[in-house]
Amino acid sequence: MPELPEVETVVRGLRVSLPGRTIDEVRFGKTDFVDDPLLISERVPGLKISSVTRHGKFICIQLEPDSASQNMSGGHCLIVHLGMTGQLTVTDPGAPVKPHTHVFFALNDGRELRYRDVRRFGRMLTLPAAGLADFKKLLGKEPLEIGEEEFCQVIGSRRTRLKALLLDQTVLCGVGNIYADESLFRARLHPARTAEKLKREQLLALRQAVREVLEEAIRFRGSSISDYRDSEGKSGTFQLQHRVYQRDGEPCLHCKSVIRRMIVAGRSTHFCPTCQPAGRTRNISKKKTTQRTRPRVRNSKSKKSK
DNA sequence: AGCTCTTCCTGAAAGC
DNA sequence: TGCTTTCAGGAAGAGC
């Protein structure tokens, strides 16, 4: 599931092949995840890709008029959110079209930018270039850029659970379920603790943990749990470094306690009950803490064929 | 302000 | 073996 490290990896890959190319044509399959497909079909062809950037979990492909083109509609941004299963890849147009591929951008170098999304939880839209600043204002702070004081103020003032805060894209943008759990484990903070009740050093530990987890995951090119692939179609490997996420029932790598799973903020949440003591939490229900009776199969590699 | 629940969607795993 | 049910999750909206 693409979170900040996965999106950053995709963006870095797209940056190698897209800037300088012109989009000649756009074709759509299913469009229920596209804000206005007709508008994209009208605006985008003939525009040249100037840069590719990331804002939280959003990919922004910046487009400008190509001097050789008739398209005089001015600069635009193509905004893509990968949702749960979105993939943006640059391929040879002759390459087999994988199932659930719904958008095709023909490029002037003969290749094709394809968007594939099995569950269609992603989103695609265009904005006039001038609208990007307002779009970014809707998002929270970038977790890799936020300073200590700002973090303490933004997080420490909130009367809500840490897990819910980390997932709230209007507070910090880019953190999702995997990296929220992994960050809280490294900061030794229970997911259901109330942010407002944390001491300054705990807030700083959380900021540091979020940074470290995200930076490390970027180095591993993201976590591939099910569908995530980078712009070249390759998997990341950070899932092998997870210390709590989807490890419920297994021993904590630090203290050997059994990793537990509970629902916080409507999300499956994994934590070590010893390393992350409950402290002062809100509405913590023991009934919601569960442990799998059988270890889950985490990926195809763990299936042993005999 | 913040919480829970629901909806969208598909495929894999679990359950029977 | 094969069919049915459950679950995973990002984001948005409803309702409390």
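**View 1. Tyr-245 meets a phosphate of DNA strand C.** A polar side-chain atom of Tyr-245 sits 2.8 Å from a phosphate oxygen of DNA strand C. Arg-119 reaches a base instead: an N or O atom of its side chain is 2.6 Å from a base nitrogen of DNA strand C. A polar contact is a pair of N or O atoms within 3.5 Å; within protein, one must be able to donate a hydrogen and the other to accept it, and residues adjacent in sequence count only if both atoms are side-chain atoms. This is a predicted model: local features need pLDDT of at least 70, side-chain atom pairs count only at pLDDT 80 or more, and totals for chains, interfaces and linings use all residues. Residues are numbered from 1 along each chain as its sequence is written, chains are lettered from A and ligands numbered from 1 in the order in which they are written, and side-chain values use heavy atoms, with hydrogens and water left out.

**View 2. The surroundings of DNA strand C.** Residues near the strand (a heavy atom within 4 Å of it) include Met-1, Lys-57, His-81, Phe-121 and Arg-267. Of the DNA strand C atoms that come within 4 Å of the protein, 56% belong to sugar and phosphate. By class, the nearby surface has four nonpolar, four polar and four charged residues. Here Ala, Val, Leu, Ile, Met, Phe, Trp, Tyr, Cys and Pro count as nonpolar, Asp, Glu, Lys and Arg as charged, and the others, Gly among them, as polar.

**View 3. Phe-33 and Tyr-115 form an aromatic pair.** The count comes to four aromatic pairs. Rings of Phe, Tyr and Trp (its six-membered ring) pair if their centres lie within 6.5 Å; planes under 30 degrees apart are stacked, over 60 edge-to-face, and the rest tilted. The Phe-33 and Tyr-115 planes meet at 40°, with centres 5.3 Å apart, so this pair is tilted. Phe-33 lies in the loop between strand E1 (23–28) and helix H2 (37–43), and Tyr-115 in strand E7 (residues 112–117), so the pair ties together parts 82 residues apart in sequence. Helices (H or I, at least four residues) and strands (E, at least two) are DSSP runs, numbered from the N terminus. Phe-33 is buried at 3% relative accessibility, and Tyr-115 is buried at 0%. Buried means under 20% relative accessible area, exposed over 50%, partly exposed in between (1.4 Å probe, protein chains only).
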